[in-house]
Amino acid sequence: NTGHFNDLEVEREEKLVRSVGGIIAAGEEATNFSVEENPGRGNCLHYSLAPSVSGATYSTLRPSISGYISTHLDDRISDEHTFRSAIAMLNGTRQTPEEYCAWQGKAGEFSGILEIAAFCRDYKKYVLVYRKSPDGKYLLWWTMGDPSHPVVPLYYKGEHYEAMVENNDDEGWTRARKFKKASKLEVNDCE
């Protein structure tokens, strides 16, 4: 997958994001970073999130996130959903919430928006999800979590997540975190 989405895919993803408490963003371009590829194999989200949690690996983060969901099934994650009702929306009647959490705890199973919502709550992070434009720019697509928490930027290219790692200088994500802002634009507007 090239990371480009057609209008129907964008509409479907944005509806899902909003339904579980995410915010659709304005498309600000990410600069001063590199995308860190990972082996994926159903674990790409956890590979991408793990560097933001001290001592975590994809294999420790996966059961932690599914465990959080299983112990917070009735927590409200948006105006529309609790974790329990979001699982039903995503899975229909294929699995009970308990079966879903057990399945998500296993390596190699695709994880997505619901696991990002749990990660943001449990680890107190603010996830920024970028997609690639047809001209190759990485544009902010949606966010999840509390903007006052540390920023975790991800690149999503359709069923695959990769971490976005800052290039080490005094700009970009380092400054954004210092000022507890989600983007360079917001930081520059405050100076």
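Six strands make up an open sheet with mixed pairing, in the order β1-β4-β3-β5-β6-β2. Strands here are DSSP runs of E with at least two residues, helices are runs of H or I with at least four, and both are numbered from the N terminus; two strands pair if DSSP finds at least two bridges between them. This is a predicted model, in which local features need pLDDT of at least 70 and side-chain atom pairs count only at pLDDT 80 or more, while totals for chains, interfaces and linings use all residues. Residues are numbered from 1 along each chain as its sequence is written, and side-chain values use heavy atoms, with hydrogens and water left out.

The edges of the sheet are β1 (23-24) and β2 (33-36); each has a single partner strand, so one side of each is left without a neighbour in the sheet.

| Strands | Sense | Bridges | A facing pair |
|---|---|---|---|
| β3 (126-132) and β5 | parallel | five | Val 127 and Val 152 |
| β5 and β6 (161-166) | antiparallel | three | Tyr 156 and Tyr 161 |
| β2 and β6 | antiparallel | four | Phe 33 and Glu 166 |

Strand β5 (residues 151-156) is largely enclosed by the rest of the structure, because six of its six residues are buried. Buried means under 20% relative accessible area, exposed over 50%, and partly exposed in between, with a 1.4 Å probe and protein chains only. Val 151, Pro 153 and Tyr 155 point one way from β5, and Val 152, Leu 154 and Tyr 156 point the other way. Four residues separate β5 from β6 in a hairpin, and Gly 158 in the turn has a positive phi of about 80°.

Helix α6 lies across β3, β4, β5 and β6 and runs at about 60° to β4. Such angles run from 0 to 180 degrees between N-to-C directions, with axes fitted to C-alpha atoms, for helices over the stretch in contact; contact means heavy atoms within 4.5 Å.

Helix α3 (residues 58-71) has 14 residues and reaches 20 Å from its first C-alpha to its last, close to the 20 Å expected at 1.5 Å a residue, a span taken as 1.5 Å times one less than the number of residues. Its buried residues are Leu 61, Arg 62, Ile 65, Ser 66, Tyr 68 and Ile 69. Their cover includes α2 (44-49), α4 (83-91), α5 (97-104) and α6 (113-123).

The protein chain averages a pLDDT of 85, and 85% of the residues score at least 70; pLDDT is the predictor's confidence in each residue, from 0 to 100. Over residues 171-191 pLDDT stays under 50.
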